[in-house]
Amino acid sequence: MLIDSFNRKIDYLRLSVTDRCNLRCTYCMPSGGIKLIDRKEMLSFEEILKAAAILSEMGIRKIRITGGEPLVRDGIIDLIKQIKKIENITDISITTNGILLNKYLDELHKIPVQGINISLDTLDRQKYKEITRGGEINQVLNAISNSINIGIKSVKVNVVITDLLDEKDIKGFFGMTLDKPIHVRFIEMMQPTGSDSSSETIECIFSVMKKIGEYHAVDDKIGSGPALYYQFNQARGSIGFIINDKNLCSYCNRIRLTPYGTIKLCLFSDKEYDIKKKMRDNYCTADIKAEIAEFVKAKPENREESCSYDNKDKASINFKLKDFMNRIGG
Ligand code: SAM
């Protein structure tokens with residue numbers, strides 16, 4: 001079992017399979033584009049499987065595939081099938097922007113993946129184009145309905161709160177939860193130093209909820225993330241909030257594997273364990289495991305503690321965040 005020094009049990013791996021993406025979301029990628037990881041530096045499928053197997057032997061039970069955009073990596077379905085076969089992995093799910101999802105949905109359902117999280121920050125075609133720098137919203141909307149129709153167990157829509165989110169969008173997202181088991185989650189833009197403008201939007205989301213109808217808090221945990229969930233009475237889906245609160249880090253049960261082969265303990269931490277190097281240098285598995293167990297003990301107490309950059313001011317942290325969000329996923 002993997003336990004950190006704050007007694008948190010680590011059983012969840014976010015596995016980023018690529019830094020490539022077919023969208024260019026304004027808040028996720030710098031306007032000048034990103035420097036792509038050299039292909040030789042990316043983990044091969046064999047290396048991903050070996051790393052996942054090592055981690056599963058150490059206590060990882062749940063894996064979420066992310067990116068970049070995971071569905072742009074060639075052979076992704078075969079990779080997921082292989083991961084699914086690793087002993088002890090009880091739950092595999094994927095986070096995608098949905099653009100290529102229709103193409104792979106049938107196969108993902110057959111594997112089966114337990115959950116698909118689809119990122120969609122507005123319901124307006126033009127605003128979607130603006131946020132994603134060119135994406136076509138209809139592909140995503142179709143993919144969401146098809147995921148429900150085909151019978152994916154958990155379908156979540158991740159809405160990052162941007163300045164473009166308005167009341168019309170909010171009502172539209174609420175509408176999605178009424179007659180279909182879709183879980184819409186409003187996500188505060190991540191900043192290690194705490195929230196600012198999006199807390200006003202969260203108030204606004206609640207005030208729109210009050211206008212729409214009666215709702216109640218959902219006690220059952222829907223998923224393994226730190227979200228608070230509500231449901232309109234009689235609705236089949238739910239509405240969640242992932243807020244930027246460092247106190248929620250006490251529930252954190254995850255580590256990350258980057259596409260360039262390092263293990264990260266927190267999105268905001270720049271400490272990395274280079275498992276790729278150890279595997280390429282043929283280190284013995286027992287030594288790698290011992291080093292990982294030691295490394296995990298250094299998981300910071302919370303996201304604020306994670307920031308060990310020389311300059312902790314907000315601008316530089318946010319720049320840093322943009323630099324790696326697109327590579328290792330939210
Ligand atoms: N391409 C996939 C997708 O779009 O879902 C997976 C990777 S993407 C980086 C994962 C999630 O991170 C998306 O939902 C995206 O909106 C979110 N994200 C990116 N930057 C963020 C930020 N600064 N704060 C909060 N969420 C962010």
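Student: Which residues is Arg8 in contact with, leaving aside its neighbours within four places in sequence?

Tutor: This is a predicted model. Arg8 lies in the segment before β1 (12–16). Leaving aside neighbours within four places in sequence, Arg8 is in contact with Leu2, Ile3, Cys249, Ser250, Cys252, Lys299, Pro300 and Glu301.

Student: Which backbone oxygens does the side chain of Arg8 reach?

Tutor: A polar atom of the Arg8 side chain lies 3.0 Å from the backbone oxygen of Glu301. The Arg8 side chain also reaches a backbone oxygen at 2.8 Å, that of Cys249. The two residues asked for are Glu301 and Cys249.

Student: Does Arg8 count as buried or exposed, and why?

Tutor: The relative accessibility of Arg8 is 6%. The cut-off for buried is under 20%. Because its value is 6%, Arg8 counts as buried.

Student: How many residues apart in sequence are Arg8 and Asn253?

Tutor: In space, the C-alpha atoms of Arg8 and Asn253 are 6.4 Å apart. In sequence, the separation of Arg8 and Asn253 is 245 residues.

Student: Which residues touch the most other members of the largest nonpolar core?

Tutor: Nonpolar side chains tend to be buried together in soluble globular proteins. Here the largest nonpolar core has 77 residues. Its largest share, six residues, comes from helix α1 (residues 45–57). The members that touch the most others are Ile65, Phe186 and Ile292.

Student: What does Ile292 touch, not counting residues up to four places away in sequence?

Tutor: Ile292 is one of the core residues that touch the most other members. With residues up to four places away not counted, Ile292 touches Leu2, Ile54, Leu55, Met58, Ile263, Tyr273 and Ile275.

Student: How many residues are in the other core that lies apart from it?

Tutor: Among the members of this other core are Cys266, Phe268, Met325 and Ile328. Its size is five residues.

Student: Which residues are closest to the ligand?

Tutor: The ligand is surrounded by 16 residues. By class, this shell has six nonpolar, nine polar and one charged residues. The closest are Tyr27, Gly68, Glu69, Ser119 and Met190.

Student: What percentage of the ligand's accessible area does the protein cover?

Tutor: Nitrogen atoms of the ligand lie 2.9 Å from a polar backbone atom of Gly68 and 3.0 Å from a polar side-chain atom of Glu69. An oxygen atom of the ligand is 3.4 Å from a backbone N or O atom of Thr96. Of the 540 Å² of accessible area that the ligand has on its own, the protein covers 93%.

Conventions. Residues are numbered from 1 along each chain as its sequence is written. This is a predicted model: local features need pLDDT of at least 70, side-chain atom pairs count only at pLDDT 80 or more; totals for chains, interfaces and linings use all residues. Side-chain values use heavy atoms; hydrogens and water are left out. A residue is near a molecule or strand if one of its heavy atoms lies within 4 Å of it. A polar contact is a pair of N or O atoms within 3.5 Å; within protein, one must be able to donate a hydrogen and the other to accept it, and residues adjacent in sequence count only if both atoms are side-chain atoms. Accessible areas come from the Shrake-Rupley method with a 1.4 Å probe; for residues, only the protein chains shown count as cover. Ala, Val, Leu, Ile, Met, Phe, Trp, Tyr, Cys and Pro count as nonpolar, Asp, Glu, Lys and Arg as charged, and the others, Gly among them, as polar. A nonpolar core is a set of buried Ala, Val, Leu, Ile, Met, Phe, Trp, Tyr and Cys residues joined through side-chain atoms within 4.5 Å. Buried means under 20% relative accessible area, exposed over 50%, partly exposed in between (1.4 Å probe, protein chains only). Helices (H or I, at least four residues) and strands (E, at least two) are DSSP runs, numbered from the N terminus. Contact means heavy atoms within 4.5 Å.
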